[in-house]
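Here is a short briefing to keep beside the structure as you browse.

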Protein chains: 2
Amino acid sequence: MSVALPSALPLPDLSMLYRGRLNAPIGKSDAETEDFPELEPYADAEAGPRSSHPLGPIEVVNVDLELGGQNRMEHRTNRFDYQDLIVRRGQPFGMVIAFNRPFDAAIDEVAVEFRIGAHALSDKHTYVSLQVHPSETRWGLRCEPNGSTVFVSLTPPPDCVVGKFCMYVTAVNGRAIMRFPTRGHMYVVILFNTWCSEEDVYLPDEAERQEYVLNDAGEIYNGTNFAVAKRPWHLGQYRPGVLEACLFVLNRCGMPLEDRRDVVNVCRRLSALINAQDDRGVLLGNWSGNYRMGVSPNAWTGSAKILLSYAANGNPVAYAQCWVFAGVLTTVLRCIGIPTRVVTNFNSAHDSTGNLKTDIYIDRFGSMDRTATRDSIWNYHCWCECWMKRIDLPGHLSGWQVVDATPQETSNGLFCCGPASVVGIKSGEVCFPYDGRFAFAQVNSDVVYRRRTYRGDKIVRIDTTHVGALILTRTPWGAQNITLNYKHPEGSAADAATMDRAVNYGCGRERSALEETGEMELELVCPAAQLGQDFALKLVVKNSTAEEQKVNLTLTCSVIYYTGVHSGDFKVVKESATCQPLTSEEVSVEVVASDYMKHMVDQGCLSFTCVGETTSGETCVAAKVVKLQLPVLSIELDEDGECKVGKEMSVTVTFNNLFNMTLADVELRLEGPGDTGDREKTFPTVDPGTSLKWNQKFIPKTEGPDQLVACLDSPMLREINGSLHINVTADKDATDKDKDKDEP
Amino acid sequence: MSVALPSALPLPDLSMLYRGRLNAPIGKSDAETEDFPELEPYADAEAGPRSSHPLGPIEVVNVDLELGGQNRMEHRTNRFDYQDLIVRRGQPFGMVIAFNRPFDAAIDEVAVEFRIGAHALSDKHTYVSLQVHPSETRWGLRCEPNGSTVFVSLTPPPDCVVGKFCMYVTAVNGRAIMRFPTRGHMYVVILFNTWCSEEDVYLPDEAERQEYVLNDAGEIYNGTNFAVAKRPWHLGQYRPGVLEACLFVLNRCGMPLEDRRDVVNVCRRLSALINAQDDRGVLLGNWSGNYRMGVSPNAWTGSAKILLSYAANGNPVAYAQCWVFAGVLTTVLRCIGIPTRVVTNFNSAHDSTGNLKTDIYIDRFGSMDRTATRDSIWNYHCWCECWMKRIDLPGHLSGWQVVDATPQETSNGLFCCGPASVVGIKSGEVCFPYDGRFAFAQVNSDVVYRRRTYRGDKIVRIDTTHVGALILTRTPWGAQNITLNYKHPEGSAADAATMDRAVNYGCGRERSALEETGEMELELVCPAAQLGQDFALKLVVKNSTAEEQKVNLTLTCSVIYYTGVHSGDFKVVKESATCQPLTSEEVSVEVVASDYMKHMVDQGCLSFTCVGETTSGETCVAAKVVKLQLPVLSIELDEDGECKVGKEMSVTVTFNNLFNMTLADVELRLEGPGDTGDREKTFPTVDPGTSLKWNQKFIPKTEGPDQLVACLDSPMLREINGSLHINVTADKDATDKDKDKDEP
């Protein structure tokens with residue numbers, strides 16, 4: 001008898017195999033709804049509605065959920081381009097029910113029912129039936145009859161399931177139940193609510209709520225800690241179709257709907273689904289430099305197009321790197337109401353096991369040993385922080401939580417990371433879920449330089465300050481250094497206590513002893529430089545001994561990815577310096593553009609490693625990453641520069657090729673307001689010294705602040721971008737026209 | 001441009017996409033080894049070995065790892081049927097290296113090297129090179145030269161990577177390195193070591209170590225808490241090929257080899273890989289009652305055949321239910337040295353969200369409402385407990401940990417569970433990883449009976465003692481009740497404190513208020529009964545009021561799966577009783593075999609739900625699960641009953657069909673000692689009143705205790721089994737013969 005499944009076959013349908021396990025399936029998507037009959041008589045009832053009211057059976061003739069936009073204004077959901085009502089939990093919204101005759105609360109039995117997903121049940125919080133009656137206490141129901149209409153105010157509980165509810169009103173007459181609408185459905189989307197003090201995502205500061213939930217214009221920091229750069233990122237939660245796409249993503253998480261009450265669960269599951277690993281999630285990572293089968297991670301202008309593409313067919317979108325994962329996750333989380341921001345950690349350690357140590361091997365000749373150096377330090381790594389109460393943990397661990405969607409080499413089998421309490425990272429309490437140890441290592445690892453010799457390895461430098469040198473995020477008040485949220489000052493007693501605590505909870509810190517005197521030091525100094533320019537790098541040798549020292553220097557110049565991974569060496573320089581006792585000596589090395597441009601990948605990062613060896617055999621080492629500055633795209637509004645709803649606006653993007661080379665296969669992308677806000681065009685070549693100008697027209701659809709983002713991408717030059725913030729104002733005539741269209 | 005992958009395509013190869021992310025791949029399997037060259041000259045060396053020793057270059061001519069079985073005896077790995085050396089970490093083992101001339105530690109440079117997997121590196125603990133020299137301190141190296149041989153003692157560190165190491169000896173002569181063996185490999189398998197006090201899996205008690213690591217004869221408890229039954233389960237870690245299969249499973253976990261140092265990681269990853277979900281792991285769950293495409297979960301006699309089948313082709317084996325998952329996980333964990341036992345929790349709550357509440361709905365007619373009742377309570381559920389130090393958690397949470405391989409409806413996206421500290425479950429500290437909340441709910445949920453009425457639900461009974469009524473495991477001293485390891489006594493102050501703590505850490509307990517006086521009580525009493533027999537069930541009505549009460553009783557009799565899920569009702573009985581003030585009244589109901597046998601599934605479980613209603617509208621409810629007793633198989637040794645290595649023994653299995661029916665498609669399995677220990681045979685029919693006798697012959701291969709297990713399975717009758725413990729003794733003649741064969 002065969003006991004194994006053929007390898008080509010997928011696993012059999014679980015609903016069949018699990019028949020004897022589950023009484024009924026569990027709803028996991030708000031896109032599945034059960035249809036209800038127009039008239040559902042009780043099992044033992046005679047057919048037909050009956051009522052003791054003198055005017056006969058009561059019937060619902062209309063339900064108004066919008067109240068002329070008042071609900072949406074009060075719930076701050078008016079900017080969404082979406083057909084159904086959107087409200088936030090823990091906050092009242094109103095509706096007006098119109099009947100065929102005056103409503104009498106003493107006689108008439110009318111109920112408002114909400115259900116989400118298939119198999120909805122009250123004890124699973126996926127179904128609720130609320131009597132329109134003064135005695136009803138659930139959902140803070142309040143009703144004000146007014147002739148043949150009733151105003152009903154409802155407050156979904158602050159721990160309500162989040163997602164798209166199907167809603168209807170039932171009227172019971174005798175033993176017959178009639179529903180409104182009799183055909184089709186009415187929907188209410190319920191979101192998290194940072195304005196509600198009983199909510200797990202409650203933020204007390206209004207400016208922060210505005211930024212971390214409502215703002216759709218993003219900005220992601222990159223570059224190096226010495227030369228911070230930023231790229232615009234349009235979060236785009238208000239773009240047409242994006243809310244639907246976010247609800248689609250939430251459904252794809254496959255979590256029981258009841259679990260959506262809990263923000264910890266929702267964040268964790270979304271961090272898994274934003275990457276394609278395990279579950280064919282939203283984005284496919286690619287760090288290869290070859291993006292021909294998709295869009296270069298550098299070329300995206302924002303999240304909207306990615307989410308719309310994923311929602312269209314459920315297939316992973318190609319390609320992403322860390323800021324794309326972080327940007328898209330931020331869009332989804334802000335869209336459903338969870339306060340979220342993108343954080344950039346400069347010099348981010350990616351060791352797979354969280355042993356708090358990154359080993360860099362130097363070979364016998366003074367260059368980096370590429371086969372032995374397994375871990376890398378990313379120039380920067382982006383993740384998200386979400387604000388929440390950790391109801392599953394001791395109270396002091398609430399607040400900002402690390403949630404990282406970039407697929408890492410985690411040891412836990414699933415490509416997701418967090419939420420991990422930032423307070424817990426600072427205090428070293430890495431014993432709590434989720435992934436605290438991993439997040440801790442990313443900001444706290446030591447860098448250990450080992451020199452390989454014939455007879456084993458020798459530790460020549462330990463750098464405890466390089467990793468997590470700077471942690472930045474964007475707040476309502478601009479860029480803010482939040483390094484002290486994650487770490488106590490290096491060398492402080494609190495820092496030492498944190499390290500002890502983390503080691504006590506399994507962060508396997510292997511304290512390595514320096515095997516050199518450390519009296520010879522080396523430093524690399526580099527000015528800010530433009531990509532394509534020559535510049536001078538200074539090697540500074542510092543002699544703390546009481547003797548003159550002759551030092552042989554080997555400088556290896558490489559092009560690297562932003563992940564710290566080596567792409568190619570472009571130069572090895574051998575120099576020597578004689579350094580007097582207790583002084584410094586400088587050696588200048590010219591770095592020539594024509595050398596490095598040949599090897600350039602992605603974001604213009606160069607890495608310099610210098611090893612010095614004294615005649616007595618003492619080794620000193622220094623390393624530096626230089627991010628070359630890139631040109632920017634200019635975006636200009638033509639004509640009067642006015643942005644009005646419904647009025648065409650004209651935008652010009654300009655790029656000047658100041659490089660010494662012809663750029664080939666140049667893709668230019670521009671994202672702006674309106675229905676078809678995403679434009680792209682390919683330019684076969686852009687010659688040296690020429691300018692590229694591209695004019696596009698947009699028609700804004702909604703009032704308020706908006707953002708234009710442009711990106712230029714070519715295999716030879718990536719991550720060229722620009723942005724322009726605009727404010728769309730109402731245009732009286734256009735608004736009236738729109739209104740006419742809405743009421744066919 | 002296309003931005004999405006076609007849905008039919010698998011995700012692209014990550015090693016290609018991640019070129020710019022990882023410096024080098026990370027070894028995840030000990031089955032991949034790098035080949036090394038016979039002679040590896042230094043990069044700048046002249047070829048050819050040179051030595052300053054007067055007798056010329058030193059050369060290794062032989063390495064003896066076995067020392068005549070001494071290493072295996074000392075490491076308690078002698079019972080494994082495996083070709084290479086198996087040792088445990090943290091404990092010395094010896095080897096003898098033979099050279100071409102006397103070894104001189106002052107001149108000769110000889111090293112012993114161990115590497116595991118591809119891309120082995122010393123800082124990842126996957127590679128170590130040990131000098132055969134008195135100054136070498138790592139791996140506790142000790143060397144005793146004796147002419148041209150050297151005895152070397154090595155102690156792998158107590159946190160060594162676990163798995164199959166490739167091992168060789170290098171001799172350096174001048175600038176050339178020569179290796180032994182020059183072709184092929186030598187291997188050493190390193191396991192966890194419960195005998196080592198510095199180990200995370202250290203157990204102080206020798207009897208417990210023998211049971212939880214070395215014992216291959218298992219026993220799994222089932223039935224109900226009132227009628228505990230047990231099934232034999234041969235763990236089979238010593239069967240030929242099983243150790244290889246366990247190493248194969250470990251490789252399939254796909255964890256970085258470095259992570260195998262950590263028992264917490266290893267247990268968590270294995271709990272994920274034992275089920276087929278997510279990762280095409282070992283076993284496919286099936287609770288449908290239809291097992292035609294594979295083996296019925298009830299029919300397995302032990303783990304060996306399952307693991308061998310999986311290792312043969314890497315495809316999931318069909319089918320399993322909880323005890324199969326637990327049994328196979330126990331085999332793998334004991335095999336690699338982690339103390340493990342199977343635990344059975346009677347009345348195990350399986351609520352998907354850990355809200356500590358299982359709702360059972362009664363319809364208006366007094367029967368269970370099958371559509372509304374979503375959660376089920378399993379008659380029993382089996383999981384594993386593993387003994388370990390939790391280096392990732394506060395110290396008091398060490399000890400036994402729940403590790404569950406049965407695929408659950410977890411909220412965390414991956415089908416794995418644990419390790420969760422048993423101490424933490426008892427104290428309500430469910431805030432620590434992994435899955436404490438889920439494990440807590442399984443033993444602590446309340447059962448809430450709700451009666452559906454025209455105007456909403458009414459809570460008619462809350463049972464706080466039913467779930468987790470009994471927790472049993474097998475210890476060196478036989479079956480032991482370990483309920484108090486998991487829970488304080490119900491109603492104690494400590495129990496209340498635990499509940500408060502768990503709720504404080506997010507166990508969303510919804511305290512439901514009873515909506516009845518509780519003065520009318522109902523109890524069901526049932527004698528022990530055999531499957532196929534009629535028996536009488538007593539309904540006991542207890543009246544605590546001061547008035548006479550007339551009660552209408554509805555008894556629903558159902559056949560259920562062991563998961564509590566309903567298969568079919570076979571009888572509904574309406575009775576009434578008149579009960580005097582402050583007395584009890586009994587009603588007897590006859591349960592007839594011909595009624596229930598028609599609906600019987602799997603393990604002979606009946607469920608009785610009785611609802612009583614007084615004339616005043618007060619409702620009382622009681623439920624009882626009855627596990628009918630099954631016949632057993634008898635196993636007998638023929639002739640003299642002697643079991644000797646290499647000597648054929650004859651075994652007879654007997655089954656008497658005492659049922660009133662013909663059994664069709666009967667499969668009989670018998671597992672015994674030796675190379676081809678798994679036998680199976682199908683009998684088309686077994687007529688009523690007849691006996692089935694089956695004779696099989698085995699030739700034991702290894703000395704020591706062993707176990708014969710037989711299982712009979714048919715669609716009409718499952719879980720019929722029997723076992724026989726034997727002790728295989730050495731047979732002088734046979735042993736000598738075997739030895740001759742081993743040295744060709």
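Predicted model: local features only at pLDDT ≥ 70, side-chain atom pairs only at ≥ 80, totals over all residues.

**Chain A at a glance**

- The C-alpha trace of chain A spans about 110 × 65 × 60 Å along its principal axes.
- Chain A holds 13 helices and 38 strands.
- Of the 744 residues in chain A, 50% are buried.
- Among contacts in chain A with a separation of 6 or more, 70% come from residues 24 or more positions apart.
- Chain A is divided into domain 1 (14–191), domain 2 (206–502), domain 3 (520–627) and domain 4 (634–742).
- Between the C-alpha centres of domain 1 and domain 3 of chain A there are 70 Å.

**An enclosed helix in chain A**

- Why is helix α4 (residues 242–252) of chain A described as largely enclosed by the rest of the structure? The reason is that 11 of its 11 residues are buried.
- After α4(A) comes G254(A), whose phi is positive, near 70°.

**An open sheet in chain A**

- In chain A, 6 strands form an open sheet in the order β20-β19-β18-β16-β23-β24, with antiparallel pairing.
- Its edge strands are β20 (417–421) and β24 (478–481) of chain A, each of which pairs on one side only.
- On average, neighbouring strands of this sheet are turned by 30° against each other, direction ignored.
- How many bridges join strand β16 (residues 340–349) of chain A to strand β23 (residues 470–475) of chain A? There are 4, and the two strands run antiparallel.
- Opposite T344(A) stands L472(A) in β23(A).
- Helix α5(A) lies across β18 (377–388), β19 (399–404) and β20 of chain A, and runs at about 140° to β20(A).

**Peptide bonds and phi angles to check**

- Most residues other than glycine have a negative phi, and most peptide bonds are trans.
- The peptide bond from A318(A) to Y319(A) is cis, with omega near 0°, and Y319(A) is found in strand β15 (residues 317–320) of chain A.
- In chain B, the peptide bond from F180(B) to P181(B) is cis, with omega near -5°; P181(B) belongs to the loop between β10 (176–180) and β11 (186–191) of chain B.
- L582(B) is not a glycine, yet its phi is positive, about 55°.
- Is L582(B) buried or exposed? With 11 C-beta neighbours inside 10 Å, L582(B) counts as exposed, and it is found in the loop between β28 (566–579) and β29 (584–591) of chain B.

- Helix α11 (residues 493–504) of chain B has 12 residues and reaches 16 Å from its first C-alpha to its last, close to the 16 Å expected at 1.5 Å a residue.
- Just after α11(B), G506(B) takes a positive phi of about 90°.
- S376(B) sits in the loop between β17 (357–362) and β18 (377–388) of chain B, and counts as buried because it has 23 C-beta neighbours inside 10 Å.
- The C-alpha atoms of S376(B) and L555(B) are separated by 19 Å, and these residues are 179 apart along the chain.

Terms used:
Residues numbered from 1 in each chain as written. Chains lettered and ligands numbered in written order. Buried ≥ 20, exposed ≤ 12 C-beta atoms within 10 Å, placed from the backbone. Pairing = 2+ DSSP bridges. Axes fitted to C-alpha atoms, helices over the stretch in contact; angles between N-to-C directions. Contact = placed C-beta atoms within 7 Å. Domains from an automatic or database assignment. Expected span 1.5 Å × (residues − 1).
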